[in-house]
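Subject: Structure for your review

Dear colleague,

Please find below the structure I am handing over to you, together with its sequence. My findings follow directly after it.

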Amino acid sequence: MIEVRGLRKEYDGVVAVDGISFKVEKGEIFALLGPNGAGKTTTIKAILGLINYEGEISINGMNVVERGKEVKKKIGYLPESVAFYDNLTALQTLQFFAELKGIKDADLMKLLKEVGLEKDANRKVGGFSKGMLQRLGLAQCLLGEPELLILDEPTTGLDAVGAYEVRNKIRELNERGVTILLSSHILSEVQELSHRVAIMNKGKIIAIDTVENLSKKLEIQPKLRLELQRPSNRIVNLVKEIKSVKDVKVDGNILEISCPPSAKLAIINAIEEAGIKIIDFKTVEPTLEEIFIKMVKEDE
Ligand code: ATP
């Protein structure tokens, strides 16, 4: 759906994006993940045709510079910080944006209902919380039923409940067939939401894949997490001595063991033979945080 080829952008001698290429397939949730200044917002602005740049970007095969007007009709965009007129109500705000976009027949109350703001339709947005503004931003994005949503840091500044609601909405829209490109520096959010992720650092893409494949490539293995009745130094040392155990972390009654899957049985047997009761055990998948830290460190 989106194809970016050799995108490069320089601001007064500062290279913000350094020749990146990637594709976003129809129907996926694709995340741009990176630390501050990595070039995520610049990439998004280029895709939206808001800045000039070197390289080529197309959406549904249409060049975003040559066919900008047509392309923009298919896109909903939520900027990093949404700004509305304080004196307009939620409904008037949507009316304003619908007019700007040339949309005549939108059911604005239905849209407000969709983002949970139907009761606030006639309240002025000047009195809205950050979460309500963000939800109104999403409603604005959904005007015209776009096939593609571009969301720049969609949950930044929201409290836990607000962020949870926005994530749910994103997932629900995707299940309805909307393709989503989002940028974030919140690793858990990206891990939870996205099908594929491009990790950006200093204007470059340093990795691009599913979270699962990235962890395989980097040889970051799942960890074994054991809850013991009475952990002791003796038991920790015993586990550490087992061949192929790489690391053991202790947190209260929990042992978190880095080891290949083949070592699990030997570990459990050794603990039981030592007379220590195992209350619970599970395998913990690698987190995007581990992948991200390893990638950025290797890059530097
Ligand atoms: P953040 O998470 O902080 O929003 P980002 O990954 O979105 O970061 P960008 O905003 O794209 O990163 O910025 C990339 C680089 O380009 C940074 O070094 C930034 O200072 C620079 N930059 C971005 N916009 C401008 C601008 N309008 N003028 C000058 N430099 C800019």
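Leaving aside neighbours within four places in sequence, Thr155 is in contact with Gln134, Ala163, Val166, Arg167, Ile186 and Glu189. With Glu189 there is also a polar contact between the two side chains, at 2.4 Å. Thr155 belongs to the loop between strand S7 (148-152) and helix H6 (160-175). Its relative accessibility is 5%, under the 20% limit, and Thr155 therefore counts as buried. Please bear in mind that the model is predicted.

Not counting residues up to four places away in sequence, Asp120 touches Ala90, Phe128 and Met132.

As to the protein overall, the secondary structure comprises eleven helices and 14 strands. The C-alpha trace spans about 75 × 45 × 35 Å along its principal axes. Of the 300 residues, 48% are buried. Among contacts between residues at least 6 apart in sequence, 67% join residues at least 24 apart.

Turning to the interior, nonpolar side chains tend to be buried together in soluble globular proteins. The largest nonpolar core here has 52 residues, and Leu136, Leu151, Ile180 and Ile199 have the most contacts inside it. Helix H5 (residues 130-142) provides the largest share of this core, seven residues. Another core lies apart from it, with 28 residues, among them Phe22, Val24, Leu181 and Ala198. Returning to Ile199, its contacts beyond four places in sequence include Leu33, Leu214, Ile291, Phe292 and Met295.

On the surface, Tyr85, Phe96 and Leu100 form a nonpolar patch with about 340 Å² of accessible area together. Tyr85 sits in the loop between strand S6 (75-78) and helix H3 (90-101). With a relative accessible area of 55%, over the 50% limit, Tyr85 is therefore classed as exposed.

Which charged side chains are paired? Side chains of opposite charge can pair when their charged atoms come close.

- Arg8 is in strand S1 (residues 2-11) and Glu54 in strand S4 (residues 54-59), 46 residues apart. Both are partly exposed, Arg8 at 23% relative accessibility and Glu54 at 47%.
- Lys74 is partly exposed at 26%, as is Glu147 at 28%.
- Glu114 is partly exposed at 23%, whereas Lys169 is buried at 9%.

Finally, salt bridges that share partners join Arg8, Glu10, Asp18, Glu54 and Lys204 into one network.

With kind regards

Methods. Residues numbered from 1 in each chain as written. Predicted model: local features only at pLDDT ≥ 70, side-chain atom pairs only at ≥ 80, totals over all residues. Heavy atoms only, no water. Patch = residues over 30% accessible without salt bridge, like charges linked within 9 Å, V, L, I, M, F, W, Y side chains within 5 Å. Areas by Shrake-Rupley, 256 points an atom, 1.4 Å probe, with all protein chains shown as cover. Salt bridge = Lys/Arg side-chain N within 4 Å of Asp/Glu carboxyl O. Helix = DSSP H or I, 4+ residues; strand = E, 2+ residues; numbered from the N terminus. Buried < 20%, exposed > 50% of the residue type's maximum accessible area, 1.4 Å probe, protein only. Core = buried A, V, L, I, M, F, W, Y, C linked by side-chain atoms within 4.5 Å. Contact = heavy atoms within 4.5 Å. Polar contact = N/O pair within 3.5 Å; in protein donor to acceptor, adjacent residues only side chain to side chain.
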